[in-house]
Amino acid sequence: MNSPAPALVIRPVEAADLGQVIAIDAESTRIEKTDYWYELFHRFGTGRTRQRLFLVAEADNAIQGFVIGEVRDWEFGSPPCGWVFAINVRPGARLAGLGTKLLEAVCTGFRRASVATVRTQVSRDNNLVLSFFRSQGMMAAPVITLERSLD
Ligand SMILES: CC(C)(COP(=O)(O)OP(=O)(O)OC[C@H]1O[C@@H](n2cnc3c(N)ncnc32)[C@H](O)[C@@H]1OP(=O)(O)O)[C@@H](O)C(=O)NCCC(=O)NCCS
């Protein structure tokens, strides 16, 4: 008989999760950024505000993925909206609906903070992440990002 699928819990990150979060990020980006993740934990992971969310998905006593989001008010004249600026699922746990659940969890947090729009930013050539967000109904926003080299 098949064993039942391990229960999945999506909850705020804890300090003890950071090693696994750093490993999941390093596996997909190929850059280990320990200091960066500890800094993010202090800014987003302490649960002091509804505006900032750092959530992890845990199953089988292991972190399977995470999402980070923040409500930003009136930046560049834009009404308050929720920004997702990191989402990542452990490669072995992908394509099983976990990314969808993480995005929904952070959107639930945004709704609690009374915002009605969710935004993110994706590299034009990141087909995987673009496909994911498109599958979630996200489309090009009425804003553009501009940049130039400072050299
Ligand atoms: C994007 C990501 C979060 C998706 O997580 P996931 O758990 O696999 O997503 P889901 O299973 O919920 O997939 C939802 C939909 O996204 C799309 N999708 C997901 N992976 C895809 C892929 N490899 N190719 C095409 N479409 C894909 C599909 O439409 C999928 O729906 P379907 O399974 O019914 O076809 C995950 O692939 C990931 O972590 N990628 C690396 C992200 C990264 O580099 N982050 C660093 C910068 S923030």
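A: Let's start with the side of α1 that faces its partner: Leu18, Val21, Ile22 and Asp25 in α1 meet Thr34, Trp37, Tyr38 and Phe41 in α2, where contact means heavy atoms within 4.5 Å. By class, the residues of this contact are six nonpolar, one polar and one charged; Ala, Val, Leu, Ile, Met, Phe, Trp, Tyr, Cys and Pro count as nonpolar, Asp, Glu, Lys and Arg as charged, and the others, Gly among them, as polar.

This is a predicted model, in which local features need pLDDT of at least 70 and side-chain atom pairs count only at pLDDT 80 or more, while totals for chains, interfaces and linings use all residues. Residues are numbered from 1 along each chain as its sequence is written, and side-chain values use heavy atoms, with hydrogens and water left out.

Now for the geometry. Helix α1 covers residues 18-29 and helix α2 covers residues 34-44; helices here are DSSP runs (H or I, at least four residues), numbered from the N terminus. Their axes come within 10 Å and cross at roughly 125 degrees. Such axes are lines fitted to C-alpha atoms over the stretch in contact, with angles from 0 to 180 degrees between N-to-C directions.

How values were computed:
Helices (H or I, at least four residues) and strands (E, at least two) are DSSP runs, numbered from the N terminus.
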